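Dear colleague,

I am passing on the structure we spoke of, and would be glad if you would look it over before reading my notes.

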Amino acid sequence: MTVSPPRIFIVDDSIVILKLYHAYLASDPIHTYGLETFLSGPAALAQCRCQPPDLVLLDYTMPDLNGMDFLETLRTFASPIQVPVIIITDHDSTDLAVQLMKAGAQDYLLKLKVTPEAVRRSVNTILEHRQLQIQLQRQTELQGLLGSITFQIRQCLTLDEILETLVTLLRSCLGVDRVVVCRSLGSSTAIAASVRSIALSTNPEYDGCPLSVDSNACPLFKQLCRNQLSSTLIGTLHPSHPQLLDILSLENCCGIQSFITIPITIQTHASFAPRPKPLDAPSQLQEYIWGWLVVEQCSHDRQWQPWEVKFLEQLSVQVAIAIQQAELYHHLQNWNAQLEVSVADRAAALQEVEQELRHLNRDLEIRVAERTQALQAMNQRFEQLVSHINEVFWMVNLNPFTVTYLSPSYEKIWGYPAQCLYDQPHLWLETVHPEDLPLVSHLWHQAVRETSLTMDYRILRPDGQQRWIHLEGVAVQDDQGENQRWVGMAADITDRKTSELETIRHRTLREAIFNEATDALLLIDPQDLQIMDCNQRAIELFDAVTKDELLNCNLNQLHKEPFGSRELASLSQQLQNQGFWHGELEYKTLCNIDFWGNGAAKIVKSAGQPICLFRITDITSHKEAESRIYRVLQEAEEVSELKSRFIGMTSHEFRTPLAVIASSAGILQSFSHRLSEAQKQEHLTTIQTYVQHTTRLLDDILLLNRAELGQMIFNPQPLDVVEFCRQLCRELPQSDDLGQRVQVEVMHPDRFQSSPCPYLDEKLLRQTLINLLSNALKYSPPQALVTLYLDIQEDTLMFQVEDQGMGMSPADISQLFEAFHRGHNVGTIQGTGLGLSIVKKCLDLQHGQITVASEEGKGSCFTVHLPLTLDEAIRNQL
């Protein structure tokens with residue numbers, strides 16, 4: 001069965017960060033993940049409700065839902081085991097980390113310290129921990145379910161009650177359509193069933209004659225016909241196998257999609273077996289297939305899980321024990337009835353000769369009473385034996401050495417018939433594992449002279465399987481105090497031994513993790529700060545030659561500036577109140593080399609005594625990076641200040657138009673009566689022109705400021721692009737004196753007709769094209785042609801503005817989209833250097849791109865690409 005990779009949700013409001021974390025996990029050389037990204041917390045929560053992931057990698061600070069609210073909402077419908085969460089934040093706050101852990105986060109990472117290895121290590125650790133918890137929970141539930149069903153069927157005394165309880169509980173627990181128990185006694189008959197909305201009828205009993213097997217019959221059918229089904233079968237029943245359906249009494253089962261067939265095997269004395277006993281068979285314990293437990297799924301195909309098959313196999317053993325208990329109970333009832341009849345017959349005979357045989361009658365009554373007591377005592381011992389049927393009870397004589405009794409569980413555990421040990425008692429040593437044989441032989445020969453025996457050893461079954469056995473025995477002595485026989489019990493302790501070995505493996509793993517950790521780990525005496533133990537990384541970090549050099553040191557000696565008494569008291573108080581301490585300090589190696597370290601301390605228990613676990617991470621490179629970041633921030637502040645000065649300089653652009661406006665207005669006010677109508681109209685036109693110029697300049701500055709503050713709104717609507725561009729070109733102010741022209745050229749009109757209407761923000765698109773076209777006209781000579789090309793290329797919409805102007809140098813192109821930047825060759829042409837910066841801001845908001853090709857003296861070509869349709873990431877931002 002193919003195991004799908006773990007599903008991980010990455011939630012962050014930044015596309016760049018999402019891609020970065022996605023790249024971290026996608027490039028993991030060892031593990032493979034199913035990665036899904038979300039730009040908002042509500043969208044991730046909605047998906048968690050529908051299809052919960054295996055892990056969530058969450059940014060704490062998001063505009064719509066922060067990490068704490070996300071955790072509180074998630075934990076209302078998913079536990080930390082079901083959906084673990086790793087928080088990534090830039091807040092280096094201990095209190096916040098504690099709150100997040102209490103709210104259900106499994107890990108807490110700082111953005112400044114996040115590396116690909118840290119993210120992968122955290123994700124792998126939490127996924128492994130989650131898988132172990134799920135396996136432990138499933139194993140616990142399985143054992144509880146098995147115990148519950150076993151307890152209920154053990155309460156039933158009759159076969160009908162046992163089987164009816166079994167099929168009802170099993171169908172309810174597994175959620176299947178039908179559970180059937182088929183009996184293997186000459187005829188295969190469904191003697192108990194539990195069905196969910198499926199008709200069930202029992203076929204007439206099979207007459208015992210061999211069935212004819214068609215050459216094309218399925219393997220399962222052949223096995224059933226030959227009565228060789230002794231192992232679990234998993235498959236699909238098809239309605240083309242009518243004889244098979246008859247055998248299992250699965251009439252009207254044409255809808256069966258998948259099934260599991262588990263044999264119910266009984267171990268009992270030959271006299272209890274339902275089949276005829278062969279003449280040459282010795283009187284011993286026998287094993288036979290009592291019947292089959294069939295679990296069916298009819299409504300749909302079902303992929304049976306390994307734990308379901310294992311659960312049914314374990315349950316079949318308990319069912320066999322319960323069936324055997326019911327049969328033994330039935331036999332005991334028959335024996336009691338026969339005994340009562342025999343006593344009644346004998347009493348009638350004695351009454352006929354009562355006068356002659358009175359004394360004989362009294363003796364006979366005494367013997368009958370003794371026999372009744374003996375039978376009751378035997379019944380009690382037998383019930384005790386049955387209640388512990390999973391253990392092997394044994395009895396041997398010493399002189400000569402013979403095996404006198406073995407309980408039925410011997411064959412189930414050892415895999416050998418008990419008769420072999422009856423015939424050759426010393427063969428039991430041949431089943432002992434070769435590595436344990438010398439010890440077992442020594443203990444056994446030594447115990448012959450003792451009164452008790454206890455040993456654990458391994459055996460090898462015929463199928464090669466290795467099992468652990470715990471054997472206990474006591475000696476039975478004669479009147480002279482000599483050992484005559486041994487009685488005892490042997491139990492299969494493989495599971496316990498496996499758990500012990502697993503515990504040892506975990507302890508070894510913890511030691512390996514401690515010694516191979518990438519951080520320096522120190523075990524400190526909390527009283528005097530003496531170093532008690534350390535790992536290899538600590539030896540390397542502090543330039544020690546051997547571990548003993550550090551074990552002779554005090555932790556305070558490794559600090560560049562040792563803690564004072566007040567600081568030590570504060571650290572101790574924090575450890576007692578919060579349970580941990582961490583901080584960044586300067587340390588020095590044994591060679592007196594200083595370095596920065598991130599230290600963390602926590603009090604743990606070792607052999608019942610408190611001990612301080614101290615972790616030191618070398619963060620010297622991080623500190624250097626912080627210094628570089630600080631310098632970059634200073635440079636950014638300088639740039640911001642420069643922009644402020646540029647904006648202040650731009651304000652001077654308002655003075656000239658305002659002066660002209662004031663001058664024309666003053667002339668109109670003072671000398672209006674002396675001016676002709678043409679002169680008045682000229683001054684009014686001048687005022688209007690400079691007012692519009694000032695308004696456009698102010699709008700550009702405000703628009704750029706809104707873009708810097710993130711206040712521009714992206715509002716896409718369906719837009720007829722071709723008509724919009726043609727109308728925009730008609731609205732452009734063009735001078736008749738210069739003779740410049742603007743034309744719209746549609747490259748592939750058929751593509752616009754066949755493609756759906758694109759979603760664009762008309763205001764942002766207008767700002768983009770007006771600035772590009774205005775610049776093209778401004779820097780083009782008279783009589784020049786400016787062309788706006790339109791085209792659809794795959795899933796993008798292309799706008800291309802081509803002019804025949806002065807062009808730009810490569811140095812100017814590299815700074816083209818910076819605010820207030822103008823080319824070196826613009827001369828006296830008026831401008832503020834804001835237009836292309838505004839274009840870049842508008843395109844970024846629309847998830848578009850712009851490129852430029854220009855050669856000085858030959859013109860420029862600006863190409864804009866915008867998404868033709870809105871993808872999921874853009875919709876989530878709206």
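The notes below take up confidence, then a sheet, and then a pair of helices.

Please bear in mind that this is a predicted model; the protein chain averages a pLDDT of 76, and 78% of the residues score at least 70. Among the elements, strand S1 (residues 7–11) has the highest mean pLDDT, 91, whereas helix H7 (residues 219–225) has the lowest, 41. Over residues 197–231 the pLDDT stays under 50, although the model has 64 contacts beyond four places in sequence for them, and it likewise stays under 50 over residues 236–254, with 52 such contacts. Where pLDDT is low, the predicted coordinates should not be read in detail.

Five strands form an open sheet of mixed pairing in the order S22-S24-S25-S27-S26, with S22 (741–746) and S26 (849–855) as the edge strands and a twist that averages 15° from one strand to the next. Within the sheet, S25 (residues 796–802) and S27 (residues 859–867) pair in the antiparallel sense over seven bridges, and phenylalanine 799 has valine 864 in S27 as its bridge partner.

Helix H21 lies across S22, S24 and S25, running at about 175° to S22. H21 (residues 721–731) also packs with helix H23 (residues 762–778) at an angle of about 50°, the axes being 11 Å apart, and the two are therefore oblique to each other. The crossing is right-handed, and the residues that meet include Phe724 and Leu728 in H21 and Leu765 and Leu769 in H23. The residues of this contact divide into eight nonpolar, no polar and three charged.

With best wishes

Conventions:
Residues numbered from 1 in each chain as written. Predicted model: local features only at pLDDT ≥ 70, side-chain atom pairs only at ≥ 80, totals over all residues. Heavy atoms only, no water. Axes fitted to C-alpha atoms, helices over the stretch in contact; angles between N-to-C directions. Helix = DSSP H or I, 4+ residues; strand = E, 2+ residues; numbered from the N terminus. Parallel < 35°, antiparallel > 145°, perpendicular 65-115°, else oblique. Left-handed = near helix turned anticlockwise from the far one by under 90°. Contact = heavy atoms within 4.5 Å. Nonpolar A, V, L, I, M, F, W, Y, C, P; charged D, E, K, R; others polar. pLDDT = per-residue confidence, 0-100. Pairing = 2+ DSSP bridges.
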